[in-house]
Each structure stands twice: as structure tokens, then as C-alpha cells.
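Q: Could you walk me through the reading of a few features, giving the general idea before the case at hand?

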Amino acid sequence: MAYFTHKGCQLHYQVHGSGEPLLLIHGLGSSLRDWEYQVPFLAEHYQVICMDVRGHGQSDKPRERYSIAGFADDVRALLDHLQLAQVHYLGISMGGMIGFQLASTDQQRLKSLIIVNSSPEVKVRTAGDRLQVFKRLFLARVLGLKTLGKALGNMLFPKPEQAELREKIATRWPENNKRAYLSALHAIIGWGVREHLVDIKTPTLVITADRDYSPVELKRQYVREMPNARLVVIEDSRHATPLDQPERFNQCVLNFLHSLNKEPLNA
């Protein structure tokens, strides 16, 4: 177990394997444990670095207002701590937002960018948007993280054969610090860097599940705004694609990374 301190917060990370560095950043309410089906596979080819975002996992949970920019600053500090000039970056959901934030301000630190089931903005514009925000806040604040974990498990893994995955979510979600979870949720709401997409020239792969929270077409739209990006759709998957489709997901990531030295993305 390894830690470093940034701005008074002790942050937990792990390093596996050797080779070019590949940084994996999890989503809201999660931790580096959720990469359990990726680390052994990817560490055969890369130096895989996983980090618990501030307020999550085994990292400290300071009483403060969190922000996506602040999370990105922690990631930069980790790269400095490890003396890494550049990394391949893989982030899911909130981790993808942190990746977009980094690419908009520090893309020289990124050799490539892999975004999973995420977006470059979370703007509350419609009644449906407001309803989704209200539901998540209500479940966490009023009904508690245990109830939220069960609800998420059932939604993300509805198949009978996915009982073990449902149990993982139901067990892990209540381990979150409620205050830190809500602070991270508020950090997401209203955040956005979509206006910077046109300037992000980092080779980018956007992976989306066909049944993610937001429709595939929204990802197609923002991928078209990026000069060096492509989209891959993984079928029969929901928001937790690395868990529900690990073999297809892992091979997709590996194929993209191996392709970077062979041909330009927009060829």
C-alpha cells in the first residue's frame, strides 16, 4: 500500500507491472478496487497505476468542497510524485470527467486518453436532468448509502447470473463516507469543459455501453467535436462496463493502446 500527501490530504495509490505508465481513475462512490478485472490483464503490458480519488476508498476524506478541477490537481500531484512526465489515462464516469479536465488544461501530461461512460459536461438543463439529480441526492441523503447501493446494484446488474456483481455494489457502496460522497456528487453537477474539446489533440478513445445512463448519440456528438477521437460501443452493457463486460472492455483498451504506434486515429 502506497500513499502520498497533496494539499494536506493523504492519497492512496497502487502500482502494478512494468512498461509505459497507464493511469486508471475510478468513478463516483467507487475506488481502485473496481479495476479488479483490468489490473491483472493490463499489467502484463503496462505499468498500471490506480488511485483512490480524494474522498474515496483508502484516501483521506477532508471536510471541504470537492471539485473536478481539484481532483485533476491531485492526479497531477501523483504524476509528479512518481516522476512521470506523461501517462496513458483511463477513466470511467467521474474518472472520465477528471480526464477531460486534465486534457483541457494539461494535455501535455497525457500520451492518450480513454474515456468510459462519461461526458465532458454535466449540465442540468431539462426537467429530466433535474429529476435524475434529485433522485440521486434523495437516495443518498434520506434513504442512505446502503439503500442506494442496493438500488444501483439492481440497476447496473439486473441479470440473474450477475448476482455476485450486485452484491459487490451493495456491499461496497455503504463503505463510502456519506459527506464525502455528497461533496463529490455536488462537484459533478454543473461541471463542464465541452468548449475545450476542439483543442484536445490527445489521441482519444471513448468507450460507451449501449445501455449507459446517457444515450450513445450524445457520445457520438462530442466525439465529433474532438480532432483525434474515436468511439467504440460495447453491447449488452450498462454503466459499469469494466465489471459487466471485462473481456471485451480489456481487449478494446489494449487494441487502442497498441494502435497508437501504428496509425493515426483519424486515418
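Q: Is Cys 9 buried or exposed?

A: This is a predicted model, in which local features need pLDDT of at least 70 and side-chain atom pairs count only at pLDDT 80 or more, while totals for chains, interfaces and linings use all residues. Residues are numbered from 1 along each chain as its sequence is written, and side-chain values use heavy atoms, leaving out hydrogens and water. Buried means under 20% relative accessible area, exposed over 50%, and partly exposed in between, with a 1.4 Å probe and protein chains only. Cys 9, with a relative accessible area of 1%, is buried, and Cys 50, at 1% relative accessibility, counts as buried too.

Q: How many disulfides does a search of the whole structure find?

A: A disulfide is a pair of cysteine sulfur atoms within 2.5 Å. The search finds 0; for Cys 9, the closest cysteine sulfur is that of Cys 50, and because the two lie 18 Å apart, they are too far for a bond.

Q: At what angle do helix 4 and helix 7 pack?

A: Two packed helices are described by the angle between their axes and the distance between the axes. Helices are DSSP runs (H or I, at least four residues), numbered from the N terminus, and axes are lines fitted to C-alpha atoms over the stretch in contact, with angles running from 0 to 180 degrees between N-to-C directions. Helix 4 (residues 127–143) and helix 7 (residues 178–188) pack at about 170°, their axes being 10 Å apart. They are therefore roughly antiparallel, a term for angles over 145 degrees.

Key: Helix = DSSP H or I, 4+ residues; strand = E, 2+ residues; numbered from the N terminus. Parallel < 35°, antiparallel > 145°, perpendicular 65-115°, else oblique.
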